[in-house]
Each structure stands twice: as C-alpha cells, then as structure tokens.
Amino acid sequence: MHPEEIIYDVLDVLIIGGGPAGLSAALVLGRCCRRVLVCDAGNPRNAKSHGVHGFLSRDGILPGDLLKIAREQAAVYGVSTMRATVRSACPDNDGFAVTLQDGTVLRSRKILLTTGVVDRIPQIGGIADFYGTSVHHCPYCDGWEHRGQPLAVYGKGSSGLSLALALKTWSNDVILCSDGAANLRQSDRQRLTGQSIQVHEPKIERLEGTGGMLQRIVFENGTAVPRSALFFGTGNVQCSPLPIDLGCIMTHKGAVRTSRGAGTNIPGVFVAGDASEDAQFVAVAVAEGAKAGMAINVELQEEDQK
C-alpha cells in the first residue's frame, strides 16, 4: 500500500505539538476516556534552556525532563505519542484528515494545535554560544538568574523601550543596544534617561564570553561594553503554517485568535499554548492545554448525545 493511502481508525482528538500545552490537554482528554494521539516534531522552543522557571512544584526542571514525565503520565490513560511532522490538515467528512511528512494519513474528529512559536533570534556574531544560558527572550523566565548584574537589551522602538524599562525590576544596571538607529521618540529617550538606561546605537559586531556566559558586547566601531546577560525583544512567529492553512483568524500580533475555551473560527479546530494569544509561560501553556482538553471533551459529549 502506498504511504499516502495508509489510514488509521478515526481518533477523537489529534494533538499536533507535544509541548506543555499539548501534553496537558492530552492528560485531561485521556482521563476522559478519549482516543488521543499526540504528534510532535521534536523541536521545542525552550530546547536551549537550562531550566523551566515559574512553574509551581517544577521550578528549575530541565525542559526535556518535564516533557518525559508528562508523556509517561499521559500514557497511563491510553494517550499515544508519535514523533512526526504534520504536512497538512483539512476538513474531511465529520472531522479532519491529517497527512504526515511521510505520507501517512490520520483521521480525527477534532484537532488541537499546540505548535507554538519560533523566536526571532538576533543575527549577531557569537549569539549561538550564549543563547539559553546568558542570552534570553523572557525576563520572567530568566531574569532572576541574572538579578543585580549588568544587563543589556537588544531591540529598538517601542519593544526595545518596554523591555529595557521592564528589566529594571531585576537590575539597576541596564542598557539598550539598538544595533543601528534606535527609532525612539524624544519622550522615549527621556523616559530611559530618567531610569539611567543608556542607549547604544552603533551596530553590534559580536558577543564575547566563555562557557556560555556573556562578558562583553563588541560594536563595529571598535568599542565594547561589559555585560553579563542580554535579553532580546525581537518577537516571534508561528512555528507551523497549519493555523493559517486551516483558515484560523490571526491577531495583528500574529497569534491565533481563540475563545476562552481555545476554540477558533474553524469548527473542530482548537489552539492552545504559545501559538494563541495568552502570556507565553510554561505554566500558562499547561493551564491553556487543560482548558482546551475540557472544552474539546464537552464538544464531543454534545455530539455523542445527539
């Protein structure tokens, strides 16, 4: 049989994305006696992180260990997981047909997308040596580890301004590096000056340090500034094209617009985790996944009882 003709029995729910949101939903749905499969491509956003922070009872756990525990616990309730990339998904009869990269076709009554986002990592020389250790995108996730240290923000315009001001919570020594024109209004510069935040507009040549720990930022004009950590505010984009391919309405920030129960404008398609509109924390993703699992089960109950 040709791979594209392989069709499995209809699932109740196919969860695309095996991060905290997807596995949280899987746990809830498994406990609802639903037939659930989680497909995960194996590229978590926080793969470079040295610990998950701000998650009650699991603070500091390695991201991979958290997911391993979650998969094991969901498996107790009959949830299956598969390492696979989803190529496409489309409505089919009373559900959806989902095609994997190898051509395998899966059918499911409902789809939950927990595919997350990809950070726009600044194109700076040497940044890969420090990303996840002393270069970060979220001060709530990693600010405490660098409290009181000399910090830098990479960004410009309103996003750079906001992140620089926010980091004053963790350190009194904060600078803003815009890697070119800062695109700040005079009133913005005055706010930064009022908080003793200097703006460095020369282009950045590279980051330097040892053992994954940042020590200095070197500019193209030959100057350098000592820093212990850098936080960037350059945004992120959807990790998967599936939300757009399925016709989901997006917000002006590029997130999927969802209801309180994680539903979208497409019947039967739900979205939870970083791909949707809420705060992008592991704890929030877990909560969103649980809410999505409950909402999906309620919808299935209503259909089953017609």
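The expected span of a helix is 1.5 Å times one less than its number of residues. Helices (H or I, at least four residues) and strands (E, at least two) are DSSP runs, numbered from the N terminus. What we have here is a predicted model, in which local features need pLDDT of at least 70, side-chain atom pairs count only at pLDDT 80 or more, and totals for chains, interfaces and linings use all residues. Residues are numbered from 1 along each chain as its sequence is written, and side-chain values use heavy atoms, with hydrogens and water left out.

I start with helix H1, residues 20-31. Its 12 residues should span 16 Å at 1.5 Å a residue, and the end C-alpha atoms are 17 Å apart, which agrees. Buried means under 20% relative accessible area, exposed over 50%, and partly exposed in between, with a 1.4 Å probe and protein chains only. The buried residues of H1 are Ala 21, Gly 22, Leu 23, Ser 24, Ala 25, Ala 26, Leu 29 and Gly 30. What do they pack against? The buried residues of H1 pack against strands S1 (11-16), S2 (36-40) and S6 (105-113), and against helices H2 (63-75) and H7 (282-304). Just after H1, Cys 33 takes a positive phi of about 65°.

Next, the nonpolar cores. A nonpolar core is a set of buried Ala, Val, Leu, Ile, Met, Phe, Trp, Tyr and Cys residues joined through side-chain atoms within 4.5 Å. The largest has 22 residues, of which Leu 14, Ile 16, Val 98 and Leu 113 touch the most other members. S1, S2, strand S4 (86-92), strand S5 (95-100), S6 and strand S17 (269-271) each give two or more residues to this core. Contact means heavy atoms within 4.5 Å. Leaving aside neighbours within four places in sequence, the contacts of Val 98 include Leu 14, Ile 16, Val 86 and Ile 111. Another core, of 20 residues, lies apart from the largest one, and among its members are Leu 67, Val 79, Leu 112 and Ala 272.

Now strand S15, residues 229-232. Ala 229 and Phe 231 point one way, Leu 230 and Phe 232 the other way, and all are buried. Two strands pair if DSSP finds at least two bridges between them. Strand S8 (residues 135-136) pairs with S15 in the parallel sense over 2 bridges, and Val 135 stands opposite Leu 230. Strand S9 (residues 151-154) also runs parallel to S15, joined by 4 bridges, with Val 153 opposite Phe 231. Phe 232 is in contact with Asp 119, a residue of strand S7 (117-119). Is Asp 119 buried or exposed? At 11% relative accessibility, Asp 119 counts as buried.

Elsewhere, 3 strands form an open antiparallel sheet in the order S12-S13-S14. The edge strands, each pairing on one side only, are S12 (204-210) and S14 (224-226). S12 and S13 (residues 213-219) are joined by 6 bridges, and Glu 208 has Arg 216 in S13 as its bridge partner.

Last, the cysteines. A disulfide is a pair of cysteine sulfur atoms within 2.5 Å. How many disulfides does the structure hold? It holds 0. The sulfur of Cys 90 is 14 Å from the closest cysteine sulfur, in Cys 248, too far for a bond. Cys 90 is partly exposed, with a relative accessible area of 39%, whereas Cys 248 counts as buried at 6%.
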